[in-house]
Amino acid sequence: MRELELYFGPQHLGMVGNFSITLKVEGDRILKATANPGYLHRGFEKLMELRSWIKNFPMVCRINVVEPDSMEMIYAMGVEKLAGIEVPERAHYIRSIYLELARVGSHLFGLWAYANMLGFDTVAQWAMYHRDLVLDLFEELTGGRVYHIYIWPGGVRRDFPEGFKDKIVNTLHSIGGCVPDYDNTFFNNRLFYERAKGIGTVTREEALAMGGTGQVLRATGMQYDVRRVEPYAAYDKVPWEVPTREDGDAYSRIWVVRDEMIESVHMIFKLLDAMPEGEVYNRIPNPFKWTIPNKEAYVRCESSRGELGLYLVSNGGDKPYRVHFRTPSYTHGLTILEKALKNASIADVGNIMISLYVVAPEIDR
Amino acid sequence: MDRNQLIKWLKAPAKMGHKYSLHAVYFCTGCGIIEVPPSITARWDAERFGVLPVATPRQANLFLITGYVSVKTLRAIIRTYEQMPEPKYSVGFGSCPINGGMYWDSYNTIKHLDKYIPIDGWIAGCMPRPEAIFVAVTHLWTLIDKDMADGYKRYRDHYQAYRANQEHALGKLEWPPLFSNETKS
Amino acid sequence: MQMIEMILSPLLALIIGIFFLGLSRKIMARIQWRYGPPITQPVIDVIRLFSQKSVSHGKLFNLGIIFSLAGSLVLVLFLPLAQICPLSGSGGMLVILYMMLLAPLGIALSGGESANPNTSIGISRKFILALGYEVPLLLILLALMTHYKTISIVHIVSIQQNTGWAFVSLPLLLSGIAYVLILPAILGIRPFEVVQASQEISSGPMAEYGGPFLALATIQHALSLFIGIALFVNLFLGGAGNLLIFFLKMLVVFVLVLFVNAALPRLRIEQAVKYLWRWPTLLAFIGMIIVLIVRR
Amino acid sequence: MKDPLKDKLTSAFDGIQIQPADRNQISITANKESILSVLSLLKSNGYNHLALISCVDWIEEKRFELVYILSAYMEKDKHFTDMEKTNIILKTSIYREKPQFISAIPIFENAEPYEREIHELYGIHFEGHPRLTPLFLEREYKTPPFRKDFDTRKYVSDVFDPIPFVGKKADKR
């Protein structure tokens, strides 16, 4: 059979984000896949070297559009670690709640992308609608729908507005009320099983060798979660579970996403109950003259896609000397994707890519 | 449909067709794409205005350029724009294609997108809300009504200049010129 | 009289087909919690597409789509729409079976001219899918022909008018169920929307169509929707005495099929063929044997 | 960090400096010759997750600093120890003139895109890397853009700003 060169993306309905994969196909089978990133490269890390510590907050959230909040969190964590700023107890809780809300929103976006890819239009529309409800919460809290810039070194920008707790609970209940619908139409659907089972399998050994984190690893049964391994914010204050699956294929990964979403909602309820009163913000020095001592730091947190890291170097100036993000999509989208696509069928390219949860701007930065 | 609409339909069916059937290229050029799924799904439902994402540029007549344009994306954007059949409308979404936005000093993003392809309208903001897309669509309707959405004509008229700018930014282009002999400007 | 019918019947098919397209978008939108486009949206789209200029990829590219459309239009002439059937006397079901292959063939010819890999994948999928549903369809039609002892679709309709629907007559029940199972595949909707899978292969054979070509392809799609449902209504739901009832029957079938479309995802092509060759074929085969035994 | 590992490292390699743990973070500075053996030693001692390879351009000291960040995957599915908490920052310096280094792909498979990126953005050549093709960039840059002596603002005003506007807009300005 003739070998064809096929470009999957960047202009493609099944592609989420500006990303492209060059496929060498024979019939319906993929012989070789080459990820081709760079469509979104803005040189963030270079630009951040030119801006002061505080000015970088609006920059940093733009790295990941789907879940900008964990980006803010990681940068705030890095700055706090370098400058030795303490965060009040209540701010820890608010941060955790905020990040978990963002995780729910991000997972719903992922569910939209995945369901849309498989042709589950109805479920996709529901998921996007429910994500919008979460975005409404963010809008009330921070004023922005997508980019919030809410987390600040030393805490969060402001406290919860009045009655916000109830709003969170109500919104999450109304989304949670639809979980049986999702289960019936999507997760327990036989056709979802047929489409996703055994597709894009990444075994434990492969995932470990290639630096997989997040769902890729949890779908193989390992409870590796930075929130648990190296707790930050208030994640060690309340009990919660790390959902896992065994098989490491697209089916397991999407199920892990679903379980994680539900676990996040439960965690938010627990955090809301346990939240102490008090300050939410420790004052930082004048941001225009703020310098940070000559140091380096590596911090990490768990974004909705996996381990998110930040290597931050200061040379004692008012700007970072070097910023480098370790984004989960980077390994998932470049190393693991190329391996998982080998010998797959063309119909499953988007299936595998989205189940690996690749967000292109995270790769390119 | 009231009488005015009906008269318009009878007078210029093609124009009305363009107005109410804006099929958009689904091209995630930047972070603006995050607001496109909400606006085409249940909450905001762009389909009631006839706006629908389609799979290939050949089937489309609206090009939403969502967000910043890196140099590598510009190549894809130009190819996509040239593949679309005329008449076609392009709308810059977000502040980054207007003047670079917050990436004004990035070495890898295009600052003024209208130097490379003609743009019929801009939606400012970062991130513009889904409502902004609909405002833009209604605005585009008036532009089409008044024959002011003439980006594709400008592209034809000033093709040499556009092509020169594209080559300046991207180096040698690997595809032949779209219009060969028309040198009006 | 026949001349008028010859014009009337494709025209009706066209109107009903495009109406169905609009209706499907509206109903799908409502299922998905949306308001949905106006029901005239496909008409607007077609008007818009005709007014656009598009690139042609050669003579065969132009001719193929016209060939496909013409095939569908001629096919309509052989279908009885209530009492209207311009070409009732000639050929019957065998002709319909042949003509049903013309539409994919035309699109294949046309798509083959444009060197887009997505197009060729889409076309190969289209033929594989056709292969998938032709087998049970043939068995079902054989059972019908044996049962009613005629190959003329007009006769089948008129017999059903007297003795009741084929779908509820016991010997043909299994064949009827098999037909229902393959109906989404014939219509090319989910779970068998493998040909135009826009998220996988950028709408497959349509990938290179733009402007007037896409308009013609849309009309052809509308016609094929009409044909698929009309054939089912004629063969198993007893056709109809007048146009209104015929239309109502089609509407009910179409809406039911749309619900399936809304609730299910796409299958992979090999899964689709595997499914089509398993349950519907088995049912159709048993149905045919039952018919043979009953006729004995 | 557990002391046996520290002993192992100091005894096996010359010139290795280990800073004490600071909030789960250990910095190790090693010679560039020994970096691969240090990496494989750390890997065999449980630090089997290469999180990041980074590069810092210390232009005043005329060196690039390559940074390998390692942490540990869990050994058992559900059992957490202090070891997983620890991040190791392993650093080494190479000359800024004609920078060259050895690829870490034989030890960590996911080093591949990181090294490719560093090659592109800093111009460091990695020996033994299978494909050092451009990853992100479309244009060619004389100085790799992430080096400190590459002035992106000057580049923008030199390259993008002179491109003229087209059509009516050009007349207006």
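How many residues of chain D are in contact with how many residues of chain A? The tour begins at that interface.

**Before selecting anything**

This is a predicted model, in which local features need pLDDT of at least 70, side-chain atom pairs count only at pLDDT 80 or more, and totals for chains, interfaces and linings use all residues. Residues are numbered from 1 along each chain as its sequence is written, while chains are lettered from A and ligands numbered from 1 in the order in which they are written.

**Stop 1: where chain D meets chain A**

Select chains A and D together. Here 31 residues of chain D are in contact with 32 residues of chain A; two residues are in contact if their C-beta atoms, placed from the backbone, lie within 7 Å. On the side of chain D that touches chain A, at least two residues each come from β3 (49-58), β4 (63-71), β5 (87-95) and α3 (111-122) of chain D. These labels denote DSSP runs numbered from the N terminus: helices are H or I with at least four residues, and strands are E with at least two. The largest share of this side, 6 residues, belongs to β3(D). Sorted by class, the side of chain D that touches chain A holds 16 nonpolar, 8 polar and 7 charged residues. In this classification Ala, Val, Leu, Ile, Met, Phe, Trp, Tyr, Cys and Pro are nonpolar, Asp, Glu, Lys and Arg are charged, and the others, Gly among them, are polar.

**Stop 2: chain D as a whole**

Next, hide chain A. Chain D contains 5 helices and 7 strands, which follow the pattern α-β-β-α-β-β-β-β-α-β-α-α along the sequence. The C-alpha atoms of chain D fill a box of roughly 75 × 40 × 35 Å along the principal axes. The radius of gyration of chain D is 21 Å, whereas a compact globule of 173 residues would have one near 16 Å. This radius is taken over C-alpha atoms, and the globule rule is 2.2 Å times the number of residues to the power 0.38. Of the 173 residues in chain D, 35% are buried; a residue is buried if 20 or more other C-beta atoms lie within 10 Å of its own, exposed if 12 or fewer, and partly exposed in between, with C-beta atoms placed from the backbone.

**Stop 3: chain C**

Now select chain C. How many helices and how many strands are there in chain C? Chain C has 12 helices and 0 strands. Its C-alpha trace spans about 60 × 45 × 40 Å along the principal axes. The radius of gyration of chain C, 19 Å, agrees with the value near 19 Å for a compact globule of 296 residues. Buried residues account for 57% of the 296 residues in chain C. Among contacts in chain C with a separation of 6 or more, 80% join residues 24 or more positions apart.

**Stop 4: a sheet and a hairpin in chain A**

Return to chain A and select β6, β7 and β8. These 3 strands form an open antiparallel sheet in the order β6-β7-β8; two strands pair if DSSP finds at least two bridges between them. Because β6 (295-303) and β8 (322-326) of chain A each have a single partner strand, they stand at the edges, and one side of each is left without a neighbour in the sheet. Between β6(A) and β7 (residues 306-314) of chain A there are 9 bridges, and Cys301(A) has Leu308(A) in β7(A) as its bridge partner.

Finally, select β2 (residues 20-26) and β3 (residues 29-36) of chain A, antiparallel strands joined by 7 bridges. Ser20(A) lies opposite Asn36(A) in β3(A). The hairpin of β2(A) and β3(A) has 2 residues between the strands, and Gly27(A) adopts a positive phi near 65°.
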